Amino acid sequence: MHEYTSTIRVWGLTCPGFPEEVSRARRWTRDILRDSPLADDAELIVSELSANAILHTASGRQSGSFSLAIEVSPQMVALSVTDGGGTGTAPKVEHQDEEAEHGRGLEMVSAIAHRVIVNDSDHGHTVTAAFFTEAGRGGQLCG
């Protein structure tokens with residue numbers, strides 16, 4: 001392998017904190033992962049995490065934004081959404097009863113992804129959902 005070449009690919013996108021940007025984030029994710037069997041799950045996760053950023057953090061306020069990153073390697077696909085902070089607590093999985101209309105987003109993300117990691121900083125929160133692949137399975141997740 002050439003020293004400046006990597007099998008890991010990373011894409012990034014920053015969106016204004018408007019609700020219509022959630023659909024843009026979904027389309028962007030689908031375009032990147034179009035040849036991947038994980039595309040549907042990834043699109044759902046990005047939609048949920050982006051909506052959460054807009055609804056529950058400074059990302060949804062005037063001049064707010066959220067950022068997405070997609071990392072693809074032969075071993076995994078990782079989807080990260082970074083919000084604008086402004087809340088006293090980091091996102092966390094909460095188990096809601098069946099009648100609850102809200103609060104199930106991270107629980108759903110945790111059920112779909114192999115691992116969910118929440119990183120907290122002074123400037124916001126980053127939620128990363130990772131899918132691990134069977135390296136050497138004979139096919140690539142993305143083209």
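Arg 115 stands opposite Ala 130 in strand 5. Strand 4 (residues 115–121) pairs with strand 5 in the antiparallel sense, over seven bridges. Two strands count as paired if DSSP finds at least two bridges between them. A hairpin of two residues joins strand 4 to strand 5. Strands (E, at least two residues) and helices (H or I, at least four) are DSSP runs, numbered from the N terminus.

This is a predicted model, in which local features need pLDDT of at least 70 and side-chain atom pairs count only at pLDDT 80 or more, while totals for chains, interfaces and linings use all residues. Residues are numbered from 1 along each chain as its sequence is written, and side-chain values use heavy atoms, with hydrogens and water left out.

**Confidence**

pLDDT is the predictor's confidence in each residue, from 0 to 100. The protein averages 84, and 78% of the residues score at least 70. Over residues 136–143, pLDDT stays under 50.

**The core**

A nonpolar core is a set of buried Ala, Val, Leu, Ile, Met, Phe, Trp, Tyr and Cys residues joined through side-chain atoms within 4.5 Å. Buried means under 20% relative accessible area, exposed over 50%, and partly exposed in between (1.4 Å probe, protein chains only). The largest such core has 28 residues. Among those with the most contacts inside it are Leu 33, Phe 66 and Ile 70. Elements that each supply at least two of its residues include strand 1 (9–16), helix 1 (21–32) and helix 3 (105–112). Helix 2 gives the largest share, seven residues.

What does Ile 70 touch, leaving aside neighbours within four places in sequence? Its contacts include Trp 11, Trp 28, Leu 33 and Leu 79. Contact means heavy atoms within 4.5 Å.

Ser 59 sits in the loop between helix 2 and strand 2. Glu 21 is found in helix 1. The table lists their accessible areas.

| Residue | Relative accessible area |
|---|---|
| Ser 59 | 0% |
| Glu 21 | 12% |

Why is Ser 59 called buried? Ser 59 is buried because its relative accessible area is 0%. Not counting residues up to four places away in sequence, Ser 59 touches Gly 17, Ala 53 and Asp 83, among others. A polar atom of its side chain lies 2.7 Å from the backbone oxygen of Ser 65.

Glu 21 is buried too, at 12%. Glu 21 and Ile 54 are 33 residues apart in sequence and 9.4 Å apart in space, C-alpha to C-alpha.

Note on methods:
A polar contact is a pair of N or O atoms within 3.5 Å; within protein, one must be able to donate a hydrogen and the other to accept it, and residues adjacent in sequence count only if both atoms are side-chain atoms.
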